[in-house]
Amino acid sequence: MAASSTQTILEHRDTPRHVAVIMDGNGRWAKKRFLPRVMGHRQGLEALEEMCRVCASTGVEYLTVFAFSTENWRRPQDEVSFLMDLFLNALNKRVGKMHENGLRLKIIGDRSRFSDAIRQGIEHAETLTAANTGLTLTIAADYGGRWDILQAANALLREGKSEISEQDLTAKLMLGDAPEPDLFIRTGGETRISNFMLWQMAYAEFYFTDALWPDFNEAQILQAFASFKQRERRFGRTSEQLPPEQQRP
């Protein structure tokens, strides 16, 4: 189980070890170009591939992206259907390239509402890439932070736990084996976390940008990383307690 930011001081790194992203703005990107919203989602998939490439080349070990929330089922049915088809297509046609590049793929969320074809695609992709040692890409699909905490707590109750520790709960979360996110990025101009990884982002550094997700290119990714490098990560301490090399003006 990964170290807890509320119980220990995490390792200092200039480059984030774990980046979490809400990929917002696909629909607005398409609308600005007088295209159907679904075309924005298709272009957003290309932006995700670019994000994976930049993360892998800069030393990021974990990338977790919010692809579809538990609340996104409320969207128009034709858009939901397209997103499911896009997800299945990516699992079937892009996982081979991910595997060749040494990427490990994980999917977190409630799979019960997905079709049999999508569930089979997820299992195949995870099995194929399980032994890879490169970037771990985690896609949160039909996921919510509150749902994640509840499913972890219920798992512990089923085990007969009468008292739950932080370590117990963390181990049962969907990403219980991964380090906590160091950097959270949200594109699209919104400044909220929208029920994403509520437990794990206790001490994440937040970076918000007006750039729409399909436009979030390498230069902008590196700008987000540069912003992270300038943050003082104190974990409850004062600036004066930090080593000189970690103090910021």
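Helices (H or I, at least four residues) and strands (E, at least two) are DSSP runs, numbered from the N terminus. The model is predicted, so local features need pLDDT of at least 70 and side-chain atom pairs count only at pLDDT 80 or more, while totals for chains, interfaces and linings use all residues. Residues are numbered from 1 along each chain as its sequence is written, and side-chain values use heavy atoms, with hydrogens and water left out.

The annotated residues come first. In an unreviewed UniProt entry, the annotation "active site" covers D24 and N72. UniProt positions are given in the numbering used here, with shortened feature names, and annotations may be inferred rather than shown by experiment.

D24 sits in the loop between β1 (18-22) and α1 (26-32). Its relative accessibility is 17%, so D24 counts as buried. Buried means under 20% relative accessible area, exposed over 50%, and partly exposed in between (1.4 Å probe, protein chains only). Neighbours within four places in sequence aside, D24 is in contact with R186, T187, G188, E190, A211, L212 and W213. Contact means heavy atoms within 4.5 Å.

N72 occupies the loop between β2 (62-69) and α3 (77-93). N72 is buried too, with a relative accessible area of 17%. Beyond neighbours within four places in sequence, N72 is in contact with A67 and V80. The N72 side chain also reaches the backbone nitrogen of S69 at 2.8 Å.

The nonpolar interior follows. In soluble globular proteins, nonpolar side chains tend to be buried together. A nonpolar core is a set of buried Ala, Val, Leu, Ile, Met, Phe, Trp, Tyr and Cys residues joined through side-chain atoms within 4.5 Å. The largest nonpolar core has 45 residues, of which V21, L48, M51, L63, L105, L137 and I185 touch the most other members. Helix α3 gives this core its largest share, 8 residues. Apart from this core lies another, of 14 residues, including F66, Y143, F196 and A204. Neighbours within four places in sequence aside, V21 is in contact with M51, L63, T64, V65, F66, I185, F196 and W213.

Charged pairs complete the picture. Side chains of opposite charge can pair when their charged atoms come close. A salt bridge is a side-chain nitrogen of Lys or Arg within 4 Å of a carboxyl oxygen of Asp or Glu. By this rule there are 19 salt bridges. R37 forms one with E79, and the closest N and O atoms are 2.9 Å apart. This pair links distant parts of the chain: R37 is in helix α2 (residues 37-58) and E79 in helix α3, 42 residues apart. R37 is partly exposed at 39% relative accessible area, whereas E79 is buried at 5%.

R94 forms a salt bridge with E49, with the closest N and O atoms 2.7 Å apart. R94 lies in the loop between α3 and α4 (95-100) and E49 in helix α2, so the pair ties together parts 45 residues apart in sequence. E49 is partly exposed, at 27% relative accessibility.

Technical notes: Polar contact = N/O pair within 3.5 Å; in protein donor to acceptor, adjacent residues only side chain to side chain.
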